[in-house]
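Please read the following report alongside the sequence and the 3D view. It goes through strands, a metal site and charged pairs in turn.

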Amino acid sequence: MFGMLRLRALLPCLLFAIATTAWGATYTVDPLPQQNGVEVTVSIARPSMQFRMPAWAPGDYRIVNFGTNLADVRFFRGGVPVPSEKDVQDPNLWRVAEGADEVRYVVARVRSGIFSENLRVTSREMFAQWPAVLGWFDGHANEEHTLRVRALTADSKVEAALRRLPEADSGYFTFTAPDFDSLIDAPLVMGQDLRVHSFVVAGKPHAVVGFGRSVPSNLAEYGALCSRIVGAAFRLMGELPYERYLFLIDFNGPGGGLEHMNSARLAIPSGAPPRAMAGFLAHEFFHLYNVKRIRPKPLGPFDYTKPAVTGSLWWLEGVTDYYAEVLLLRAGIVTPDEFLDEAGRALNMARRARSVSLDESSRRVWEANNSSGYRVNYYTGGKAVGVLLDLAIRGATDGARSLDDVLLALYKETGGGKPGFAEGRIRELCVQYGGASVGDIYDRCVMTPEPLPLGDVLPKMGLEFRNGLSRAPGADSRAAALLEAWLAADE
Ligand SMILES: [Zn+2]
């Protein structure tokens with residue numbers, strides 16, 4: 001008994017000592033509530049000659065240059081200050097000719113991004129979306145990372161989708177991440193007023209974490225809704241590929257939603273009825289599969305120094321939005337008629353000829369500075385194409401296959417840390433599961449700005465389009481059966 005107790009007491013200290021001194025990078029974050037900011041100290045074991053900040057943040061496809069947020073940047077080697085030079089061309093790069101093993105800087109009063117608050121620090125609460133706050137020393141991004149965040153107050157609680165170490169370090173919360181990508185993909189919220197509603201799906205723990213200006217009392221309702229969404233995703237995808245998942249809800253916060261590997265941050269009005277937020281919750285949650293794991297090569301591992309150009313953002317955003325609706329349908333949160341109405345709205349918004357293809361809209365989003373598409377919105381366009389490809393594959397295979405097969409094949413090829421897909425792979429899988437006719441529909445929908453070929457797809461599914469999607473009168477029984485299969489709930 002004695003030995004075990006001793007070991008248990010010592011283990012956290014040992015782990016912490018190893019994590020901070022033997023290898024890897026240690027990030028210490030001290031909140032500065034008066035400045036609405038933080039002081040950051042990054043320490044590494046072997047000196048490096050370059051320190052960088054991300055030029056952009058995953059999920060928000062714009063060059064932001066987070067290096068411009070840094071103030072009072074000081075480099076050290078063995079505790080002694082060393083001179084540094086900020087690159088004249090690149091606002092995210094500092095050079096240290098002698099090499100440095102530590103940098104300290106302040107990040108304060110950072111503007112919110114399109115989708116997420118970047119940094120908010122008050123005397124009661126802190127939220128950090130790390131790409132705006134944390135940089136990396138060249139040569140160290142793939143090492144084990146340790147994050148230490150000083151508690152705002154003695155009774156502060158903290159949540160982040162990172163592995164948490166026992167409290168061995170007085171006054172600090174300590175987490176580890178296998179690399180820089182994983183570290184900055186786990187936003188952190190801390191404060192004395194955090195509200196947490198936990199639930200379990202398929203043996204995996206989940207939590208709705210309410211924070212922000214006005215946390216409502218109905219977190220349990222959000223929990224029940226999220227639980228049904230997670231259940232539908234589990235039945236579709238076959239697994240929940242995380243140890244724990246967090247819905248971080250910033251009530252009355254700025255921006256929209258931003259997805260992460262094992263969490264999402266969502267801004268929700270505190271008076272909103274939870275059911276009205278179901279599609280939004282499902283969209284951000286489903287991203288843990290589609291964009292965080294199912295992804296093209298440029299979207300992980302990331303190169304934060306330049307645009308990650310891909311023609312597939314219509315799939316990653318628009319088809320995620322389509323599957324958000326599918327999850328709500330299969331979970332029984334919306335009725336088949338509500339689902340049909342929503343699919344019809346998506347087709348109506350995107351059916352006409354566009355100025356550029358969705359492929360071009362995706363690739364050139366970096367020129368648009370809007371994170372939603374170059375000249376054409378790839379959210380609405382991609383959602384409509386998701387509807388149409390699903391119907392086309394079902395119609396072409398007499399219901400034997402669907403877009404689920406394409407999604408699952410992509411997941412099998414890219415999930416579990418495997419490399420991302422090559423451009424063109426989605427088309428190949430559409431043809432593999434739906435046949436050559438679906439390849440033609442794909443080309444017209446994705447690679448050209450032509451109107452969507454509704455007339456080639458809808459009749460086989462017993463559907464027609466008249467400013468909305470409706471059951472075609474006089475459809476044969478086979479088409480009607482295909483339609484009912486598309487509209488079926490799981491249970
Ligand atoms: Zn999204």
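## A four-stranded sheet

Four strands form an open sheet in the order S7-S8-S14-S11, and their pairing is antiparallel. Strand S7 (119-121) and strand S11 (157-160) are the edge strands, each pairing on one side only. From one strand to the next the twist averages 10°, where axes are lines fitted to C-alpha atoms and angles run from 0 to 180 degrees between N-to-C directions. Strands here are DSSP runs (E, at least two residues), as are helices (H or I, at least four residues), numbered from the N terminus. Two strands count as paired if DSSP finds at least two bridges between them.

Strand S8 (residues 125-128) and strand S14 (residues 188-191) run antiparallel and are joined by four bridges. In this pair, Ala 128 stands opposite Leu 188 of S14. The model is predicted: local features need pLDDT of at least 70 and side-chain atom pairs count only at pLDDT 80 or more, while totals for chains, interfaces and linings use all residues. Residues are numbered from 1 along each chain as its sequence is written, and side-chain values use heavy atoms, with hydrogens and water left out.

## A hairpin

Strand S15 (residues 195-201) is joined by seven bridges to strand S16 (residues 204-212), and the two run antiparallel. Val 201 stands opposite Lys 204 in S16. S15 and S16 make a hairpin with two residues between them, and Ala 202 in the turn has a positive phi of about 50°.

Helix H4 (residues 278-286) is largely enclosed by the rest of the structure, because eight of its nine residues are buried. Buried means under 20% relative accessible area, exposed over 50%, and partly exposed in between (1.4 Å probe, protein chains only). Among the buried residues of H4 are Leu 281, His 283, Glu 284 and Phe 285.

His 283 also takes part in the metal site: the zinc ion is coordinated by His 283 (NE2), His 287 (NE2) and Glu 317 (OE), at 2.0 Å. Donors are N, O and S atoms within 2.8 Å of the metal (3.2 Å for Na, K and Ca); water is not among the atoms, so sites may look incomplete. The donor residues follow the spacing H-x3-H-x29-E in sequence. His 283 has 6% relative accessibility and counts as buried, and His 287 is buried at 0%.

## Salt bridges

The count of salt bridges is 40, each being a side-chain nitrogen of Lys or Arg within 4 Å of a carboxyl oxygen of Asp or Glu. One of them pairs Arg 124 with Asp 193, with the closest N and O atoms 2.9 Å apart. Arg 124 is in the loop between S7 and S8 and Asp 193 in the loop between S14 and S15, so this pair ties together parts 69 residues apart in sequence. Arg 124 is partly exposed at 41%, and Asp 193 is partly exposed at 37%.

Arg 471 forms a salt bridge with Asp 337, the closest N and O atoms lying 3.1 Å apart. This pair links distant parts of the chain, with Arg 471 in strand S21 (residues 469-471) and Asp 337 in helix H6 (residues 336-350), 134 residues apart. Both residues are partly exposed, Arg 471 at 38% and Asp 337 at 45%. Elsewhere, a network of salt bridges links Glu 117, Arg 120, Glu 125, Asp 250 and Arg 265.
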